[in-house]
Amino acid sequence: MAATLLTLQPRPVDPSVDHGIQAIVAGAAPGETCNTDLAAGPWEFDARPGYGPGSSMGDVIPTGAPRQGELPAEYREASEEELDRRIRAAKQTLGDRVVVMGHHYQREEIIVHADHTGDSFQLAGFAQQHPDAEAIVFCGVHFMAETADLLSRPDQAVILPNLAAGCSMADMASIDEVEECWEQLAEIYGDMDEADADGLVPVIPVTYMNSSAAIKGFVGRHGGIVCTSSNARTVLEWAFARGRRVLFFPDQHLGRNTAKAMGVPLAQMPMWNPRKPLGGSDEATLDDARVILWHGFCSVHRRFTTAQIDKARADHPGVRVIVHPECPMDVVDAADEAGSTDYIRTAIAATTEPTVFAVGTEVNLVQRLAAQHPQHEIFCLDPVVCPCSTMYRIHPGYLAWVLEGLVAGTVLNRVTVPADVADPARVALERMLAARP
Ligand code: SF4
């Protein structure tokens, strides 16, 4: 789509979604949030089961999901300015002993302290660039900290400032459910390791980066591979060169959108619902399948709809609509472009003409892009402010707590992956790194 030639006036944008939420909840600014509890500190929810307010608040959290113990009062009660000062002071004291990673979906109040920002895989790569750091403080969610632990040195501590920062999508594929699925598929396909006359095994498991280390380990043990939203097509091509079918988890939308763009018919992409026998499918359908899609989704990206795109087009003729491939298929089809967070950032940065962008991804990134590119008008497709519930669990209070812990010689909230899981998980990651278009 051609750039919209507009006389947009550069305007300052506050990159802080938190400030916007506070103002909306206080009635000092127009707008709507999906839950007014977002104005509270995440420690209000640490002791309760559930993902907390935000996009995943309607999802069922697995029994036994990590919880965060009580954050000391001095961090809960500190002002934004005090926490900012304490984080800077602790980082200065620690120097090169610590490196702070900030995922694009983190609050601005965290991102300002990050030594590196990026998506989950970029951040794991940055962690490898700091082999001398004693600690990697990962401001993201649990599976990201696990991936950083897989790729960092054994003596480096990977710290997740709030252990309740899981990921509802990653939680939708548990290792028990995936093992059970594999057993049921083996009853249909026979020996899962035996290649046919074309040299293809019955199924290659492919997991999105947004999955637990246990799932990555499963994939590594069964000849499979990891993918990201940037390389999903390359990885599916790798898998189709080795298997007759792909079992793709946990995100059905990334799997469907990618396979559809490769020409796989929807009829050959049955869904696997782990709560139903044969995933809710049948033997004939599974026999004909090319991609078996796990019944998982991201609750942030599932909020985007074609009605929002229609409204954006009506309100802003010529608007450029870019969405993430974790969005449902009809949304991706209705958008002008779809791509990873890195794609979205690069596409906007590369646009020189003042342009109106409607973006379908997590609101913290969209707001930051709007602040970084005041020559454009950039807004989130979803008019309701609803950040990722689990990214939201990382608040400056927790970052100050873990950093001051390190200053005092205490490693808090370390995330480690046991060796029997880590070894095959690394194999799956290495296959991804070696896969070429
Ligand atoms: S944005 Fe979606 S996939 Fe990413 S951490 Fe949040 S729930 Fe998980």
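Colleague: From which domains does the shell around the ligand draw at least three residues each?

Modeller: In this predicted model, domain 1 (44-166 + 392-417) and domain 2 (172-299) each supply at least three residues to that shell. The ligand is surrounded by 14 residues, and the closest are Cys 167, Met 169, Cys 298, Val 300 and Cys 388.

Colleague: How does the shell around the ligand divide into nonpolar, polar and charged residues?

Modeller: Eight are nonpolar, five are polar and one is charged. Cys, Met and Val count as nonpolar, so the closest residues, Cys 167, Met 169, Cys 298, Val 300 and Cys 388, belong to that class.

Colleague: Why are β3 and β5 said to stand at the edges?

Modeller: The open sheet of four strands is ordered β3-β2-β4-β5, with parallel pairing. β3 (116-118) and β5 (157-159) each have a single partner strand, so one side of each lacks a neighbour in the sheet. Direction ignored, neighbouring strands of this sheet are turned by 20 degrees against each other on average.

Colleague: What makes β2 and β4 a pair?

Modeller: Pairing requires at least two bridges. Strand β2 (residues 98-103) and strand β4 (residues 135-139) have five, in the parallel sense, so they qualify as a pair. Gly 102, for instance, has Cys 139 in β4 as its bridge partner.

Colleague: Why is strand β8 described as largely enclosed?

Modeller: Six of the seven residues of strand β8 (residues 243-249) are buried, so the rest of the structure largely encloses this strand. Strand β6 (residues 201-208) pairs with β8 in the parallel sense over six bridges, and three bridges join β8 to strand β10 (residues 291-294), also parallel. Leu 247 of β8 stands opposite Pro 205 and opposite Ile 292 in β10.

Colleague: Which strands pair with β11, and over how many bridges?

Modeller: Strand β13 (residues 356-360) is joined to β11 by four bridges, and strand β12 (residues 337-338) pairs with β11 over two; both pairings are parallel. Two bridges are enough, because the criterion is at least two. Ile 322 has Glu 337 as its bridge partner in β12. From β11 the chain crosses through helix α14 (residues 329-334) to β12, and this β-α-β crossover is right-handed.

Colleague: Which way do the residues of strand β11 point?

Modeller: Arg 320 and Ile 322 point one way from strand β11 (residues 320-323), Val 321 and Val 323 point the other way, and all are buried. In a regular strand, side chains alternate between the two faces of the sheet.

Colleague: Why are Asp 336 and Leu 278 called partly exposed?

Modeller: A residue is buried at 20 or more other C-beta atoms within 10 Å and exposed at 12 or fewer. Asp 336 has 15 and Leu 278 has 17, so both fall in between. Asp 336 is placed in the loop between α14 and β12, and Leu 278 in the loop between β9 (271-272) and α12 (283-288).

Colleague: Why does Asn 413 count as buried?

Modeller: Asn 413 has 22 other C-beta atoms within 10 Å, and the threshold is 20 or more, so it is buried. Asn 413 lies in the loop between α17 (396-407) and α18 (419-434).

Technical notes: Residues numbered from 1 in each chain as written. Predicted model: local features only at pLDDT ≥ 70, side-chain atom pairs only at ≥ 80, totals over all residues. Axes fitted to C-alpha atoms, helices over the stretch in contact; angles between N-to-C directions. Near = placed C-beta within 6 Å. Domains from an automatic or database assignment. Right-handed = clockwise from strand over helix to strand, strands pointing away.
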